[in-house]
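I am opening my notebook on a new protein. I will look up a few things and write down what I find.

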Amino acid sequence: MWTADEIARLCYEHYGNRLPKQGKPEPNREWTLLAAVVKIQPTAGQACDRSDGPVQVTKEVVSMGTGTKCIGQSKMRKSGDILNDSHAEVIARRSFQRYLLHQLHLAAALKEDSIFLPGSQRGLWKLRPDLLFVFFSSHTPCGDASIIPMLEFEDQPCCPVSRDWASNPSVETNDNLEAPEDKRKCEDPESPVTKKMRLEPRTPDGTAHRQSFGSQERGPNPPNVNSSHLTAEELATVTGMTPSGARVVDVYRTGAKCVPGGAGDSRKPGAAYHRVGLLRVKPGRGDRTCSMSCSDKLARWNVLGCQGALLMHFLEEPIYLSAVVIGKCPCSQEAMQRALFGRCQNVSALPEGFGVQEVKIQQSDLLFEQSRCAVQTKKADSPGRLVPCGAAISWSAVPEQPLDVTANGFPQGTTKKGVGRPQARDRVFLKFFLRTSQLQAKVCISQGISP
């Protein structure tokens with residue numbers, strides 16, 4: 001029906017052909033992240049779930065987002081006129097909500113080209129049964145999904161840290177890495193680790209000594225473990241080996257911090273540095289953010305749907321993703337499953353129609369041309385520092401103002417003096433609520449009831 005490479009190629013082409021230069025990274029100097037939602041619809045007379053042969057489908061990008069930034073807690077505003085989270089996945093889902101709202105307007109106007117059909121309850125709609133939505137991200141989501149075993153034969157993602165991690169696990173970078181306060185750089189989407197332990201830490205006299213993985217601050221030997229009851233990653237944590245026999249030398253690290261007040265990372269050297277399955281907040285620049293990691297948000301969408309609480313007032317059932325496709329980058333199928341739905345299996349007492357969705361997870365072999373890895377390869381020995389793009393692009397398949405570009409949580413071009421003024425408010429945000437109010441009035445009129 002479709003492949004991961006087809007989804008990735010479609011999104012990359014849409015980014016290159018449909019999005020203007022505004023908000024895109026400066027060539028050979030900046031990089032960014034990309035996410036999108038793709039609508040999958042069978043051609044006339046076919047169904048997505050048929051089993052008697054391949055299904056011919058049409059694929060359409062209905063929302064897209066780019067971005068790498070998230071504001072810190074100190075920059076949040078009580079007036080709510082700033083975007084707290086501008087990671088690509090969040091921007092893409094936000095744009096998707098605009099698309100859903102537009103389609104609800106079409107449904108309320110009895111337009112046949114809407115993706116919605118009247119539900120069994122008066123004034124509510126449901127998604128056409130032959131439609132699917134695939135979420136694409138050019139990188140592994142920040143947070144729990146980014147904690148991946150690093151095998152000894154893999155190319156190491158960064159230069160070693162010049163500190164004896166066995167005696168002091170605090171974060172320190174060398175001259176080739178970002179300064180410690182640059183928290184977002186910890187979350188390199190092409191290589192979620194930007195800081196890793198030195199495999200041969202030095203003693204105080206400067207000589208190197210070797211440590212085996214199994215002896216690094218693990219204490220007594222663990223009891224006998226039946227590996228058949230463990231996932232590959234749990235087995236790697238206990239034994240330092242994968243089922244294939246490859247030695248795990250470390251894990252790809254995430255810059256996302258554990259939620260305050262709950263369990264935290266062990267911060268032990270090597271593969272035991274992180275504890276998996278925990279809720280995390282995004283890293284920020286200078287101070288902690290209050291935005292949950294993209295792994296946590298995707299997990300929430302797989303339980304509560306992507307439509308949000310406001311649009312749910314007009315829907316009979318939530319809008320779920322059917323699959324998640326990741327671009328070429330370090331990625332683990334098990335880590336993605338654990339982060340996106342595995343840790344949600346005990347969620348219960350949900351309203352009717354809601355449930356934990358075990359989305360299909362695939363990875364493409366196609367690299368995003370403006371990812372950090374791709375830009376760094378092109379840049380090669382060129383002078384200058386490579387930095388994440390400060391702008392975020394929001395695009396939605398709607399007729400009215402489909403594109404919006406923001407920076408630092410405000411519309412691009414907003415000055416310090418302009419903050420707080422009406423023109424500094426997010427135009428997409430305002431139009432969304434205005435259109436929602438219009439939809440409510442339209443629904444009431446069509447149903448012959450008072451608004």
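**Entry 1: the whole protein.** I start with burial. Of the protein's 451 residues, 49% count as buried. I remind myself that this is a predicted model. I look up the secondary structure next and find eight helices and 18 strands. Then I check the surface. The accessible area is about 21,200 Å², and carbon and sulfur atoms account for 51% of it. I also look at contacts between residues at least 6 apart in sequence. Of these, 69% join residues at least 24 apart.

**Entry 2: cysteines.** How many disulfides does the structure hold? I find zero. I recall that a disulfide is a covalent bond between the sulfur atoms of two cysteines. Cys329 is buried, at a relative accessible area of 12%. I look up Cys11 too, and Cys11 is buried with a value of 0%.

**Entry 3: Ser86.** I find Ser86 in strand β5, which covers residues 85–87. Is Ser86 buried or exposed? Its relative accessibility is 7%, so Ser86 counts as buried. I list its contacts, leaving out residues up to four places away in sequence. Among them are Thr66, Gly67, Thr68 and Lys69. Ile91, Ala392 and Thr406 also touch Ser86.

**Entry 4: two helices.** I turn to α2 (residues 88–108) and α4 (residues 294–304). Their axes come within 9 Å and cross at roughly 30 degrees. Angles under 35 degrees count as roughly parallel, so α2 and α4 are roughly parallel to each other. Which residues meet here? From α2 I note Glu89, Val90 and Arg93. From α4 I note Cys294, Lys297 and Trp301. The residues of this contact divide into three nonpolar, three charged and no polar.

**Entry 5: positive phi.** Most residues other than glycine have a negative phi. Asn28 has a positive phi of about 60 degrees, and Asn28 is not a glycine. I find Asn28 in the loop between α1 (4–18) and β1 (30–31). Asn28 is partly exposed, with a relative accessible area of 43%. Leu110 also has a positive phi, near 60 degrees. Leu110 is in the loop between α2 and β6 (116–118). At 74% relative accessibility, I write Leu110 down as exposed.

Conventions. Residues numbered from 1 in each chain as written. Predicted model: local features only at pLDDT ≥ 70, side-chain atom pairs only at ≥ 80, totals over all residues. Heavy atoms only, no water. Disulfide = S-S within 2.5 Å. Buried < 20%, exposed > 50% of the residue type's maximum accessible area, 1.4 Å probe, protein only. Helix = DSSP H or I, 4+ residues; strand = E, 2+ residues; numbered from the N terminus. Contact = heavy atoms within 4.5 Å. Axes fitted to C-alpha atoms, helices over the stretch in contact; angles between N-to-C directions. Parallel < 35°, antiparallel > 145°, perpendicular 65-115°, else oblique. Nonpolar A, V, L, I, M, F, W, Y, C, P; charged D, E, K, R; others polar. Areas by Shrake-Rupley, 256 points an atom, 1.4 Å probe, with all protein chains shown as cover.
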